[in-house]
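Subject: Structure handover

Hi,

Here is the structure I promised to pass on. Please open it first, then read my notes below.

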Amino acid sequence: MPHREGGSGAAPTLIQSVRRAVRLLDELERRGGTGSAKQLAREALLPLPTAYHLLRTLVHEGLVRNDNGVYALVSPLRRDAGADGGADPGHRPALGLQAWVDRLSRDLDAAVYFVRYRDGEVEVGAVSDNPGRPPVEEWADFRATAHAHAAGQSLLLQLEPEQRAEHLGRHPVTALTPHTVEVRRDFDRKLAGMPRRLPVLEHQEYALGTACAAVPITVGTGTAAVALSIPAAEGARLRGLADRLQGQAERILLSQTFAVAAHGHEP
């Protein structure tokens, strides 16, 4: 039986806040795009003060507008920079998914990837376009080799055990390089020792000469990750880059992930 979230005194994590905000967006969509804070709080099973706080954030991000106490859903696809006077010219619209990974690639000086788990498969949603940091060559199907690359491992960590077992049953653990875990039992043990919410680091498990890191993003029912790759010779940078990637990904979750994970399309 669903329960209303109450005030336990503990501050919610960013991921919890995003999930709650997505629930409000889902309720707005279910109601045809409009609703009051009281209606949305009741239907999303949230305390009213929490709903008000999240709705203010959504209004600030341009995903929802407040018309005298009635909140209305704004489609990210219809947002603009205010050329027609319909949007606040001082508030920059959310980046599109491709522009986002391109910017991250430049900021981090690494190739960047957005990946998600959809319909039982690993799907690459976007790859950065940065000639100075070309992406790793997909010499073995990313969908079938999730166990060997950081992005796939991050996705597998987020799955329920039954989902993960089913996936690995269809795509068995195999050695791609001398650094790949090649036995299913050993891979399961490796995952069991990895915290679900921390970056995943991978050194030459998918491709010789390449080191990768991935940060998990879980919003609502969506499972996704942002990953980066650099030459293995620069492996000393990987931990610092992974921490920066996590920080940057978290800072823009509210403005980006709703369109990517909750609405299923690029903003």
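Helices (H or I, at least four residues) and strands (E, at least two) are DSSP runs, numbered from the N terminus.

Before the rest, some ground rules. This is a predicted model, in which local features need pLDDT of at least 70 and side-chain atom pairs count only at pLDDT 80 or more, while totals for chains, interfaces and linings use all residues. Residues are numbered from 1 along each chain as its sequence is written, and side-chain values use heavy atoms, with hydrogens and water left out.

Two strands pair if DSSP finds at least two bridges between them. Strand 1 and strand 3 (residues 70–73) run antiparallel and are joined by 3 bridges. T34 has its bridge partner, A72, in strand 3.

The whole protein

The protein has 9 helices and 8 strands. Of its 267 residues, 47% are buried. Buried means under 20% relative accessible area, exposed over 50%, and partly exposed in between (1.4 Å probe, protein chains only). Among contacts (heavy atoms within 4.5 Å) with a separation of 6 or more, 59% are between residues 24 or more positions apart.

Aromatic pairs

There are 3 aromatic pairs in the structure. Rings of Phe, Tyr and Trp (its six-membered ring) pair if their centres lie within 6.5 Å; planes under 30 degrees apart count as stacked, over 60 as edge-to-face and the rest as tilted. F142 and Y206 make a tilted pair, because their ring centres are 5.2 Å apart and their planes are at 40°. F142 sits in the loop between strand 5 (121–127) and helix 5 (150–158), and Y206 in the loop between strand 6 (200–203) and strand 7 (210–219), so the pair ties together parts 64 residues apart in sequence. Both F142 and Y206 are buried. Together with W139, they form one aromatic cluster.

Two residues to look at

E121 lies in strand 5. At 24% relative accessibility, E121 counts as partly exposed. Leaving out residues up to four places away in sequence, E121 touches R116, R143, H167, R170 and H171. H167 is 46 residues from E121 along the chain, yet their C-alpha atoms are separated by 7.8 Å. The side chains of E121 and H171 make a polar contact (2.9 Å). Such a contact is a pair of N or O atoms within 3.5 Å; within protein, one must be able to donate a hydrogen and the other to accept it, and residues adjacent in sequence count only if both atoms are side-chain atoms.

Q248 is in helix 8 (residues 238–251). Q248 is buried, with a relative accessible area of 14%. With residues up to four places away in sequence not counted, Q248 touches L104, D107 and L108.

Best wishes
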